[in-house]
Amino acid sequence: MFAPSPEPRGVEGQRPEPRNVDGSTSALGSDEGSAFATDGAAPAPQRVERPAGAVAQAATGVMVALLAGVALIAWATDGFAVLTTDAARARNVAQTPVIVPPVTVRNEHGAETPVLHDDRKDDTAAPRAIIVDFIYTRCITLCSALGGVYQQLQREIVAQGLESQVRLLSISFDVAHDSPERLARQARLMGARPNVWSFVTPTSEAGSDSLLKTFGVQVVPEGNGEWQHNAALHVVSADGLLVRIVDISDLAGALAIAARSATGSATGSATGSATGSVSRSATGSVSRRATSDVLRNVSDSEHLPTRAP
Amino acid sequence: MIALLLVALLAFTPLRSWLESSMTLHMLVQLPLLLAAGWLLGARTQRRQQTRQMQQTRQIQQMRQLQHRLRERLQPWNPGGATGLLLTAAITTTWMIPRALDLSVTSMPVDAFKFASLLVAGVVLHFSWALAGAIGQAFFVGNITWMMAVVGLLLRDAPVRVCTSYLTQDQQYAGTGLLLVATAVGVRWFAVWLGTPAVLAAGATTGSSAASAKTASTATAASTATAATLTASTATAASRATAATRATH
């Protein structure tokens, strides 16, 4: 491109000759001020008349492209905040908690209950917050890792004496295969304590899909009856709201948020100003004040979830 | 005409869901084909075709005229091709963002938007390419290939799935593919930039001692080699992905 030595500028505009040689001639056009040198290809000479207007037009064009580009990438990244679907989901949930639908499930004892039903003896106790994960018992890769994480969580819960505030729930999405017997076997293998960690399978595919959608878990078939799915720690408040999605490496964070969203009444001062971001409850058990308490408690901790790499 | 056929094929046949079932096919086949279709739509009428214009239907002639007028109209807004290249860079970058890719798989409107935006990118790329000149082109190619290479590296090394719609293995193939395409495009462009006819001549005569000629011939050889590897690897990745999908059922 350095080869064709620059001709005096301005001449080019008058001559009809400089057809689209190749990039070399119009490289001159990238110099500022020579707005009419840009017509490498077109024979039209009428733009020569108003150079000032032409410059403004050119500048407008570039600005519009720049703005459009920034807007496009802002749209794709949720305002330059996230790069992945998981991160976007975690961010949305942190901002606006989601009501967990009362899907019917079967637990490891074969009993049919709503998914968030707390299966402990003492019915009078305050409801507990739940850390939820999604598994299938035939899984040998990610779910085993998740199992390890949950064993660690269980140890922490017992060690910190949080059994009355936080419990663990593993939901299987393998509706066809994960019978109560399979779940019970899984519980035994994992050394799950019945009062801390329970296992359930939705009774229908539709129920399973509804839960997966609510929690933002996408299951991709891998072949050989195996699946890949995104793993995270989903914190559900005692009121049945999905309040936070935490990375599986952040056990302490998940536990802290769960413990805080367990006892909405711990902050005694009821301000009465409901946030209103959650307007309606599926079960009808969520009072506005409780909701706002939960939200306030949760927002005490840091605002944004850890971003996926 | 070929371009329209290509778009119709990509958009309205089972080809669409098949290409979108694998990350590798999605990123390395569907997206480039859409861009190419756009480029063809924006392409100037060739001289060879002009001689045959008698035989062409009126619709095609009208389309050509429309395209020509559009090019004319847009040119004042496109100094040195800057507007068009910026837009193209932004659009191609957007569809390398995992979340955007996921959305296009799960949401029909987003997929339609993906098709439209990439076609537009192809058209304006053709409108802008000659205007840009060597510096503009170098900037654009450098930008795009750099972006692709970085995304490719990230995809290869990511410990988790970045796209919730795709498998880990598929993600690694896509990463490798992106890296290879970036290298191939970069090297190829560089070879062309070095001065097309001279380079080709020098490449043909082995044992040329001129320094520039040597660089050029290596570049061309490398580009050919990369292109070959790329085709091979894309093919294997695609077949493996298909095999995986089939095994599922």
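**Figure 1. Overview of chain A in the predicted model.** Among contacts in chain A between residues at least 6 apart in sequence, 66% join residues at least 24 apart. The model is predicted, and the predictor gives the complex an ipTM of 0.74 and a pTM of 0.71. Chain A contains nine helices and ten strands. Of its 309 residues, 39% are buried.

Figure 2. A:Ile135 belongs to strand S4, which covers residues 129-135 of chain A. This residue is buried because 25 other C-beta atoms lie within 10 Å, where 20 or more are required. Leaving aside residues up to four places away in sequence, A:Ile135 touches A:Cys143, A:Leu146, A:Ser170 and A:Ser172. A:Val100 is 35 residues from A:Ile135 in sequence, and the two C-alpha atoms are 18 Å apart in space.

Figure 3. A:Asp78 sits in the loop between H3 and helix H4 (85-95) of chain A. Its phi is positive, about 55 degrees, although A:Asp78 is not a glycine. A:Asp78 counts as partly exposed because it has 14 C-beta neighbours inside 10 Å. A:Phe80 is also found in the loop between H3 and H4 of chain A. The phi of A:Phe80 is positive as well, at about 60 degrees, and A:Phe80 is not a glycine. With 10 C-beta neighbours inside 10 Å, A:Phe80 counts as exposed, since the limit for that class is 12 or fewer.

**Figure 4. Packing of H3(A) with H6(B).** Helix H3 of chain A (residues 51-76) packs with H6(B) at an angle of about 5 degrees, and their axes are 8 Å apart. The two helices, H3(A) and H6(B), are therefore roughly parallel to each other, as angles under 35 degrees are classed that way. On the H3(A) side the contact is made by A:Gly61, A:Val62, A:Ala65, A:Leu66, A:Ala68, A:Gly69, A:Leu72, A:Ile73 and A:Ala76. H6(B) contributes B:Ala82, B:Thr83, B:Leu86, B:Leu87, B:Ala90, B:Ile91, B:Thr93 and B:Thr94. Sorted by class, the residues in the contact of H3(A) with H6(B) are twelve nonpolar and five polar, with no charged residues.

**Figure 5. Fold of chain B.** Eleven helices and zero strands make up the elements of chain B. Along the sequence, the pattern of chain B is α-α-α-α-α-α-α-α-α-α-α. Chain B has 249 residues, of which 41% count as buried. For contacts in chain B between residues at least 6 apart in sequence, 75% join residues at least 24 apart.

**Figure 6. Packing of H3(B) with H8(B).** H3(B) and helix H8 (residues 108-157) of chain B pack with their axes 7 Å apart, at an angle of about 45 degrees. H3(B) and H8(B) are therefore oblique to each other, and their crossing is right-handed. From H3(B), the residues in the contact are B:Leu31, B:Leu34, B:Leu35, B:Ala36, B:Ala37, B:Gly38, B:Trp39, B:Leu41 and B:Gly42. They meet B:Phe115, B:Leu118, B:Leu119, B:Val120, B:Ala121, B:Gly122, B:Val123, B:Leu125, B:His126 and B:Phe127 in H8(B). The residues of the contact of H3(B) with H8(B) comprise 15 nonpolar, four polar and no charged.

**Figure 7. Position of B:Val29 in helix H3 of chain B.** B:Val29 is part of helix H3, residues 23-42 of chain B. B:Val29 counts as partly exposed because it has 18 C-beta neighbours inside 10 Å. B:Ile97 lies 68 residues from B:Val29 along the chain, and their C-alpha atoms are separated by 16 Å.

**Figure 8. Predictor confidence along chain B.** The mean pLDDT of chain B is 80, and 73% of the residues score at least 70.

Technical notes
Residues are numbered from 1 along each chain as its sequence is written. Chains are lettered from A and ligands numbered from 1 in the order in which they are written. This is a predicted model: local features need pLDDT of at least 70, side-chain atom pairs count only at pLDDT 80 or more; totals for chains, interfaces and linings use all residues. Helices (H or I, at least four residues) and strands (E, at least two) are DSSP runs, numbered from the N terminus. Axes are lines fitted to C-alpha atoms, for helices over the stretch in contact, and angles run from 0 to 180 degrees between N-to-C directions. Angles under 35 degrees count as roughly parallel, over 145 as roughly antiparallel, 65 to 115 as roughly perpendicular and the rest as oblique. A crossing is left-handed if the near helix is turned anticlockwise from the far one by less than a right angle, and right-handed if clockwise. Two residues are in contact if their C-beta atoms, placed from the backbone, lie within 7 Å. Ala, Val, Leu, Ile, Met, Phe, Trp, Tyr, Cys and Pro count as nonpolar, Asp, Glu, Lys and Arg as charged, and the others, Gly among them, as polar. pLDDT is the predictor's confidence in each residue, from 0 to 100.
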